[in-house]
Amino acid sequence: MSNREVDVIRDMLRSRPRPAGLAERRERLDRLGAAFDLPPDVRVQSVQPGGVAAEWTDTPDVDPGRVILFLHGGGYVSGSIKSHRHMIAEAGRQSKARTLALAYRLAPEHPFPAALEDALAGYRFLLSSGFDPAGITLAGESAGGGLAVATLVSLRDAGDPLPARAWCSSPWVDLTMSGSTMTSKAAVDPLIQRDYLTELAGAYLHGADPLSPLVSPIHADLRGLPPMLIQVGSAETLLSDSMALASRAGETDVRVTLQVWPEMIHAWHLFHPQLAAGREALAEVGRFVRAGS
């Protein structure tokens, strides 16, 4: 049975097709997020951890020792604090956590490893600010989800204390686009197609090896990483990425929960004000974060 709420969002996305220009693409994604107002009790504060633009949000009942460090989606070339502000603020409310959203540097102006360097700077800022790793969740959506896993691998290899848990929403973890759902879900995914991802990967990689574990962490050794919650929609070309990440994590003794949400499209959490499944998914995130502390 068709989900009428998702159908409305599909119609809206079809009425606002992705433009050709990079500046226009960035503006389009920001407008999608800015269409939803923040609730009046959400407090927002700008900060620059390690020189990276970032933004705190919190609500009145947060646990001050609990924080979500969030890496937005947008294929490494677009997306921003603005585009995802309302979504991560709601994830924080459900988790009773402060959130720190990073505006990591974007390609093609700043290709790999700039985004990874900024993510590491953001995490180390939390540690230097006195946050206990046991209270930190590292989170990311789409490209930000892949970046979150690469960040965990880099932190482990550097000997840094790891966060207590990780939440990945539709993570893009294979920049070779080899997953079977790149083809099998192409007809139902209204946002992400192989040709588009190939273009984005080229801008981000800028000659780097797409098989590198720090750009395609599906090829990384995931041993020792913290528990993961992976959420993905069944109507996504990136479904294979999530399934492969969950399998890879499980094979290396990482505790992983994979949730495949029927009929959901890419980035459905963004539309939670008008989509019940978006609210339910964020409530699941809240339970996952709160259960670990």
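Which residues in α3 meet which residues in α9? Met-87, Glu-90, Ala-91, Gln-94 and Ser-95 in α3 meet Leu-282, Ala-283, Val-285, Gly-286, Val-289 and Arg-290 in α9, where contact means heavy atoms within 4.5 Å. This is a predicted model, in which local features need pLDDT of at least 70 and side-chain atom pairs count only at pLDDT 80 or more, while totals for chains, interfaces and linings use all residues. Residues are numbered from 1 along each chain as its sequence is written, and side-chain values use heavy atoms, leaving out hydrogens and water.

**Helix packing**

- Helix α3 (residues 81–95) and helix α9 (residues 276–291) pack at an angle of about 50°, and their axes are 7 Å apart.
- The helices α3 and α9 are therefore oblique to each other (angles under 35 degrees count as roughly parallel, over 145 as roughly antiparallel, 65 to 115 as roughly perpendicular and the rest as oblique).

**Aromatic rings**

- The structure holds seven aromatic pairs (ring centres of Phe, Tyr or Trp, for Trp the six-membered ring, within 6.5 Å; planes under 30 degrees apart are stacked, over 60 edge-to-face and the rest tilted).
- Phe-112 and Tyr-204 form an edge-to-face pair, with 5.9 Å centre to centre and 70° between the planes.
- Tyr-76, Phe-112, Trp-172 and Tyr-204 form one aromatic cluster.
- Tyr-204 counts as buried because its relative accessibility is 1% (buried means under 20% relative accessible area, exposed over 50%, partly exposed in between, with a 1.4 Å probe and protein chains only).

**Charges over rings**

- Arg-18 lies over the face of Tyr-196, 3.5 Å from the ring centre (NZ of Lys or CZ of Arg within 6 Å of the ring centre and within 35 degrees of the ring normal).
- The charged end of Arg-98 sits over the ring of Trp-56, at 3.8 Å from its centre.

Conventions. Axes are lines fitted to C-alpha atoms, for helices over the stretch in contact, and angles run from 0 to 180 degrees between N-to-C directions. Helices (H or I, at least four residues) and strands (E, at least two) are DSSP runs, numbered from the N terminus.
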